Amino acid sequence: MPGGTRRGKKPRDYAVSGDWPYSVMDSVRQAQVGQAVARALAEAMERRGFSANALADASGVNRQVISNILAGTVWPDMFTLASLEASLDEMLWPRHTEWPMDDDGARHQPIPLHRRSYEG
């Protein structure tokens with residue numbers, strides 16, 4: 001499988017505890033990035049007042065794909081993310097190279113205080 005076997009699991013499958021997309025995640029950075037994208041998308045949609053249907057119409061991205069990203073059941077591609085970012089006029093891709101480093105030298109995303117479940 002391209003990208004190794006880790007892509008065989010869904011991003012939300014790497015959650016250790018808590019509710020997606022605010023859960024504590026395993027240290028697999030790709031899954032943490034997927035979670036951060038889902039959270040950024042949900043929060044941008046809320047700020048802009050977009051439903052999944054309205055964002056689908058504006059971006060040309062299928063509504064089910066948007067719902068799947070929000071639910072953490074897919075690994076979104078660059079074309080999809082760029083289309084969503086353009087329609088929302090916001091960056092969804094996290095600055096993961098700037099996340100804080102733990103004692104072992106691994107970077108982990110900070111978990112925001114705002115916790116809301118977006119199951120799609």
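These legends accompany several close-up views of one predicted protein model.

In this predicted model, local features need pLDDT of at least 70 and side-chain atom pairs count only at pLDDT 80 or more, while totals for chains, interfaces and linings use all residues. Residues are numbered from 1 along each chain as its sequence is written, and side-chain values use heavy atoms, with hydrogens and water left out.

View 1. Starting at the N terminus, the elements follow the order β-β-α-α-α-α, giving 4 helices and 2 strands. Helices (H or I, at least four residues) and strands (E, at least two) are DSSP runs, numbered from the N terminus. Of the 120 residues in the protein chain, 38% are buried; buried means under 20% relative accessible area with a 1.4 Å probe, counting protein chains only.

**View 2. Helices α2 and α4 crossing.** Here α2 (residues 52–59) packs against α4 (residues 78–88) at an angle of about 100 degrees, with the axes 9 Å apart. That makes the pair roughly perpendicular, a label for angles of 65 to 115 degrees. Axes are lines fitted to C-alpha atoms over the stretch in contact, and angles run from 0 to 180 degrees between N-to-C directions. On the α2 side look for Leu 55, Ala 58 and Ser 59, which meet Ser 83, Leu 84, Ser 87 and Leu 88 of α4.

**View 3. The largest nonpolar core.** A nonpolar core is a set of buried Ala, Val, Leu, Ile, Met, Phe, Trp, Tyr and Cys residues joined through side-chain atoms within 4.5 Å. The largest one has 18 residues, and Leu 41, Met 45, Leu 55, Ile 66, Leu 84, Leu 88 and Leu 92 have the most contacts inside it. Two or more residues each come from α1 (29–48), α2, α3 (63–71) and α4, with α1 giving the largest share, 7 residues. A second, separate core of 6 residues includes Trp 20, Met 25, Ala 31 and Ala 38.

**View 4. Ile 66 and its surroundings.** Neighbours within four places in sequence aside, Ile 66 is in contact with residues including Leu 41, Met 45, Leu 55 and Leu 84. Contact means heavy atoms within 4.5 Å.

**View 5. Thr 80 in helix α4.** Thr 80 lies in α4 and is buried, with a relative accessible area of 11%. Beyond its neighbours within four places in sequence, Thr 80 is in contact with Val 61, Val 65 and Ile 69.

Key:
Parallel < 35°, antiparallel > 145°, perpendicular 65-115°, else oblique. Buried < 20%, exposed > 50% of the residue type's maximum accessible area, 1.4 Å probe, protein only.
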